[in-house]
Amino acid sequence: MKRSPAAITGMGCICGAGDTLGDCIDALFQGSRNPSPPSRFTSSHGVSYPVFEAPETAIRPELKDIEHISLTGKLAITAAYEALANAGLESHEVKGKKIGVCIGTTVGSVMNDIAFYAEFCNGGAPGLEAINRFLRSNPAALLAKEFGLTGPCQTVVNACSSSTDAIGIAASWVQSGRCDMVIAGGTDELSRVTYNGFISLMITDETPCKPFDRDRKGLNLGEGSAMLILESEQSWGCRKKNPRAIVLGYGSSSDAHHLTAPHPNGDGLRRAISEALNISGASPDSIAFVNAHGTGTPDNDRVESKVFSELLPGIPFVSTKGFTGHTLGAAGAIEAAFTVACLERSMIPGSAGFTNPDPDLPATPVSIPTAVKGSMAISQSLAFGGCNSVLIFGNGRE
C-alpha cells in the first residue's frame, strides 16, 4: 500500500533565540545570542555557567498565572498555538477531531520540585500540589486537552533525541493513515538538577559554547519548545494549504556503547543516517546541508565530524545550539523547525562560537551565513544511552 507523505504545514517555536520561530531565524542569521546566568534558580557552584532561558514574557497571557501547569507545558502550548496559526488553523477548528499528539521531553517539570522532596525526605508531610502539577503537565496529554483532540497521544522520553523521535513517530502515523493530522514536537524547561548534573559531568562551558571549535569545552543548557503540524496529502489538499516541507525519512539506532558517550567510531550515527537516506530514497550528494547535533562537547563533535567526513563528504553543516543552548528533549524539534526554515531560504547561518578549526576534526561547520543548493536536508540528534535519531526533510515547494 502506498504511504501518504507526511507534510509539514505549520511550525512554531519559543526558546532562548526568540519569542517565535520567525524571531529565532532572524537571530540565527544576525548571529545574535545572549546566554546569561540562570535567573529562576541558584547554584552553589563557584562558577555561574551561562544558560539560554526562554522569554517568559512570550508565554501566552492566559497561561502566565496558572500555577498547576509547569513551564514545560506552557512552552508547549505557546509553540502549538503558533504552529496551528502558521498552518492556517484556529483552535476551534481542530476541537473534537481525531488529531494525534506526539511530544518529546526529558526531565520536563519533575526536577523542579526539590522543596517537596526535601521536606518529604526530612520526615515532613508536604502538600501534593507539586505532584499534581507534575501529573497535569504531561506535554502530550496537556496539548490534547488544551485543543480537545481525540487522536493517538504519546509522550516520548528518550533523552536528547526525544523530539526527533516524536516527529519520526508522528510522521509514521500520517504515512500509515492512522490519522490525517498530528501536532508533533518537543518541550523542556531548565532545572537546577539538570544544571548541576551537567556541570558534575564536566561537559559544561563557563563561556558561550563553541561547537566544533578547537577550544570547545562543552555545552550550555537551554530551554524551549517547537511544534510542527504534520498532515496527510488529503488533509492539506482539502484545505488548499501548501506544505512547508515533507518528512522524507527517519532513522534511529542505538550504539550500545556507553551511558553518556557516543561510540567513538560513530557506528550508531552512521546506521541512523543510512536508514533515513534509504527510506527517503536520497543519495548523500543530494543533501543540501546538515543541522548537526553539535553540542560543543569534545566527544560528540569529534564523532559527528568523523561521520560527516566519511558518509557526507563536502556537505555543509551547522550547529544551531550556539544560539539556543542544548534544550534537551526539545532540541530535536527546535532544530527540525530551524532546518525546514533554512531549507526554505536555501541558506544556513554560521555556526555560532566556531572560530578556530580543530586540526583533529576532519570536517568543520560553516562559520558565516552560507547559500546551499538542493531540496533535502538532515536534522539529527545524539542522546545519552547511545541513541541516534535522524530526520530528512524535503522542500515542500517541489
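**Buried strand, buried helix, buried charge**

User: How do you know that strand β1 (residues 6-15) is mostly covered?

Analyst: In β1, 10 of its 10 residues are buried. Buried means under 20% relative accessible area, with exposed over 50% and partly exposed in between (1.4 Å probe, protein chains only). A strand is a DSSP run of E with at least two residues, a helix a run of H or I with at least four, and both are numbered from the N terminus.

User: What kind of model do these values come from?

Analyst: The model is predicted, so local features need pLDDT of at least 70 and side-chain atom pairs count only at pLDDT 80 or more, while totals for chains, interfaces and linings use all residues. Residues are numbered from 1 along each chain as its sequence is written, and side-chain values use heavy atoms, with hydrogens and water left out.

User: Which strands does β1 pair with, and why is this called pairing?

Analyst: Two strands pair if DSSP finds at least two bridges between them. β1 has 3 bridges to β8 (residues 245-254) and 8 bridges to β7, so both cases meet the rule. The sense is antiparallel with β8 and with β7. Ala-7 stands opposite Ile-246 in β8, and Met-11 has Leu-228 as its bridge partner in β7.

User: Why is Glu-304 said to have no salt bridge?

Analyst: A salt bridge needs a side-chain nitrogen of Lys or Arg within 4 Å of a carboxyl oxygen of Asp or Glu. For Glu-304, the nearest side chain of opposite charge is Lys-321, 7.1 Å away. Lys and Arg count as positive, Asp and Glu as negative; His and the chain ends are not counted. Glu-304 is buried and is found in helix α11 (residues 298-311).

User: What is Glu-304 in contact with, beyond four places in sequence?

Analyst: Contact means heavy atoms within 4.5 Å. The partners of Glu-304 include Phe-212, Leu-269, His-293 and Gln-380.

User: Which residues of helix α6 (residues 139-147) are buried, and what covers them?

Analyst: Pro-139, Ala-140, Leu-142, Leu-143, Ala-144 and Phe-147 are buried. Among the elements covering the buried residues of α6 are α2 (71-86), β4 (153-156) and β7 (224-231).

User: How do you know that the chain is as compact as a globular protein of its length?

Analyst: The radius of gyration, taken over C-alpha atoms, is set against the globule rule, 2.2 Å times the number of residues to the power 0.38. The chain has 13 helices and 14 strands. Its radius of gyration is 20 Å, close to the 21 Å that the rule gives for 398 residues, so the chain is as compact as a globular protein of that length.
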